[in-house]
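Here is a short briefing on one protein structure. Keep the sequence and the 3D view open as you read.

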Amino acid sequence: MGHIAVTLARSGSKEVRDKNILNIKNIAVSHFPMLAAANSSGINHLIYSSDSTRYLELAQKFYDQQNFKHLKLELHLRSSKNSSDRAGSWDAIKEIVED
């Protein structure tokens, strides 16, 4: 039995605009957890959650380009309630579980 990994990538950063899709060595910051999950023998399911359809599209494109064989990707469009500055990670994870 494998484990599930969750990546939370909110688009509304006030300090660094779109920091989750800034590239480091041609890979978006929020895509590094996808690589880590793919290289883990215990993770077989990754949920990528964002309030941005653009971020979700980029995550799907990266996933498709990498051709991960054992990693299932699930995209989750997060509600505005759980994407605010005041919403915590546990609020977002609870929403994922309840959806």
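A search of the whole structure, which is a predicted model, finds two salt bridges. One is formed by Arg54 and Asp18. The other is formed by Lys94 and Glu98. The points below start with these pairs, then move to the sheet, the helices, the surface and the backbone.

**Salt bridges**

- Arg54 pairs with Asp18, and their closest N and O atoms are 3.5 Å apart.
- How accessible are the two partners? Arg54 counts as partly exposed, because its relative accessibility is 45%.
- Asp18 has a relative accessible area of 17%. Buried means under 20%, so Asp18 is buried.
- In the pair Lys94 and Glu98, the closest N and O atoms are 4.0 Å apart.
- Lys94 and Glu98 are both in helix α3. They are four residues apart, so about one helical turn separates them.
- Glu98 counts as exposed, because its relative accessibility is 58%. The cut-off for exposed is over 50%.

**The sheet**

- Three strands make an open sheet, and their order is β1-β4-β5. The pairing is parallel.
- From one strand to the next, the twist averages 20°.
- β1 and β4 (residues 43-50) run parallel and are joined by seven bridges.
- Thr7 has Tyr48 of β4 as its bridge partner, and Ala5 stands opposite Leu46 in β4.
- Six bridges link β4 to β5, again in the parallel sense. Here Ile47 stands opposite Glu74 in β5.
- Is β4 mostly covered or mostly open? β4 is mostly covered, with seven of its eight residues buried.

- Helix α3 (residues 89-98) lies across β1, β4 and β5. Helix α3 runs at about 125° to β1.
- Thr53 lies in helix α2. Thr53 counts as partly exposed, because its relative accessibility is 48%.
- The C-alpha atoms of Thr53 and Gly12 are separated by 13 Å. Along the chain, Thr53 and Gly12 are 41 residues apart.
- Gln66 also lies in helix α2. Gln66 has 35% relative accessibility, so Gln66 counts as partly exposed.
- The C-alpha atoms of Gln66 and Leu35 are 8.8 Å apart. Along the chain, 31 residues separate Gln66 from Leu35.

**A nonpolar surface patch**

- Which residues form a nonpolar patch on the surface? They are Val16, Leu22, Ile24, Val29 and Phe32.
- Together these residues have about 380 Å² of accessible area.
- Leu22, one of them, lies in the loop between β1 and β2 (23-24).
- Leu22 counts as partly exposed, because its relative accessibility is 41%.

**Positive phi angles**

- As a general rule, most residues other than glycine have a negative phi.
- Asp18 has a positive phi of about 55°, although Asp18 is not a glycine. This is the residue that forms a salt bridge with Arg54.
- Asn26 also has a positive phi, near 65°, and is a residue other than glycine.
- Where is Asn26 found? Asn26 lies in the loop between β2 and β3 (27-28).
- Is Asn26 buried or exposed? Asn26 counts as exposed, because its relative accessibility is 74%. Asp18, by contrast, is buried at 17% relative accessible area.

Note on methods. Residues numbered from 1 in each chain as written. Predicted model: local features only at pLDDT ≥ 70, side-chain atom pairs only at ≥ 80, totals over all residues. Heavy atoms only, no water. Pairing = 2+ DSSP bridges. Helix = DSSP H or I, 4+ residues; strand = E, 2+ residues; numbered from the N terminus. Axes fitted to C-alpha atoms, helices over the stretch in contact; angles between N-to-C directions. Contact = heavy atoms within 4.5 Å. Patch = residues over 30% accessible without salt bridge, like charges linked within 9 Å, V, L, I, M, F, W, Y side chains within 5 Å. Areas by Shrake-Rupley, 256 points an atom, 1.4 Å probe, with all protein chains shown as cover. Salt bridge = Lys/Arg side-chain N within 4 Å of Asp/Glu carboxyl O. Buried < 20%, exposed > 50% of the residue type's maximum accessible area, 1.4 Å probe, protein only.
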